[in-house]
Amino acid sequence: MDPEKALELVKSGATLLLLDVPQYTLIGIDTQVFSVGPAFKGIKMIPPGVHFVFYSTSTRYGKEFSPIIGFFIDAGRSQVVVRMWDKKEECLLKVSEEEGERYSKAVRSLEFDKNLGPYDLSQYVDWKKLSNYITKSTIDRLEPIGGEITVIYESGMVKNTCKSTMERAVDEHLRNSKFSTPAEKPPKRGCYYTPIPRVIKQKGIESEQLTSLNLDKTELLETLLVKAYGSSEESLLGELQFAFIAFLMGQSLEAFMQWKLLVSLLFGCIEAPFHTRSQLFTKFIKVIYYQLKYGLQKDHTVAEAGASALLDDSWFSFDSFLHRLCKDFFSLLQDALVVDGDLLSWFLFTPLRFCICI
């Protein structure tokens, strides 16, 4: 890259300054992972906007890794985000406002420039496809108190939840990765995800109507859009992307549960895709396409860095929830008198098409 262009990107881009991080720690941002060396102090040239930062400490030479901790940021132009390693807590903590300002001035004066790794801009396109509906409002609404997302406090959620081939694989991965809750650490509140009922229960209505409401989730979708998402389709899709990223990059089981609930809700609609919410479903299928396309890559950096990929062929096995939902949705597409062209082409173009052939 031309030196002048590089300097401009350094000055205009955001910087993530990470101080005193132990050597061999894995530091990730979006789809990229860095292994901390003796001189590493952070990442520069970060495009303004939403990003997901995650990290995992390791034993010497990086043979074993601790549970991942991650957090979302909404970085402004030329902003400096400062975190300092706490040896006692073994995590990155925010610094005081006064310290943050002092370090920010040092970064802008290029005092840390030689210790900062550049953000790989060639991967930014992939990241935007995974996060284009996530906004600062999405982060503020969903992130846990303190902002940290980690499976450390989620071990109790594993019980009696994973039953399909795919879900058993997720369960096994979390157990084998030493993601148990440390006894000395008190439980923490997780993300503030929107409650999505698995089964609709309403008093005072006929059984036939109740059955209909559970067979077609369109009415539930409309209710949630108004009450939980302020009638914003993009807000719902932002939560879907937030949960997927927290699951895949942050290794959060709670996030996987929420992603599954949202996918099941949308694929469980019969009327909405063809009459009232065709544009929403076209956007939804595009979101799923990019999520599975990235997640199923065998060579993406998260897997290479030591956290084995949680997405594999078991996601399309005959007893997975995706297999069942996609088969049913494809039947709806076949039987519909009128189908939005974009919706049909995107559905057949995604990795979900493999579910249809099983």
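Predicted model: local features only at pLDDT ≥ 70, side-chain atom pairs only at ≥ 80, totals over all residues.
Which residues does S252 touch, not counting residues up to four places away in sequence?

Residues are numbered from 1 along each chain as its sequence is written, and side-chain values use heavy atoms, with hydrogens and water left out.

S252 touches I149, V151, E154, A246 and F247, once residues up to four places away in sequence are set aside, a contact being heavy atoms within 4.5 Å. The loop between α8 and α9 (253–267) is where S252 is found, and S252 counts as buried because its relative accessibility is 1% (buried means under 20% relative accessible area, with a 1.4 Å probe and protein chains only). The side chain of S252 also reaches the backbone nitrogen of A255 at 3.1 Å.

## Helices α3 and α8

Helix α3 (residues 124–131) and helix α8 (residues 233–248) have axes that come within 8 Å and cross at roughly 125°, which means that α3 is oblique to α8. On the α3 side the contact is made by W127, K129, L130 and S131, and on the α8 side by Q241, F244 and I245. The residues of this contact divide into four nonpolar, two polar and one charged.

## Cysteines

A disulfide is a covalent bond between the sulfur atoms of two cysteines. The structure holds zero disulfides, with a disulfide taken as a pair of cysteine sulfur atoms within 2.5 Å. C191 counts as buried at 3% relative accessibility, and C269 counts as buried at 0%.

How values were computed
Axes fitted to C-alpha atoms, helices over the stretch in contact; angles between N-to-C directions. Helix = DSSP H or I, 4+ residues; strand = E, 2+ residues; numbered from the N terminus. Parallel < 35°, antiparallel > 145°, perpendicular 65-115°, else oblique. Nonpolar A, V, L, I, M, F, W, Y, C, P; charged D, E, K, R; others polar. Buried < 20%, exposed > 50% of the residue type's maximum accessible area, 1.4 Å probe, protein only. Polar contact = N/O pair within 3.5 Å; in protein donor to acceptor, adjacent residues only side chain to side chain.
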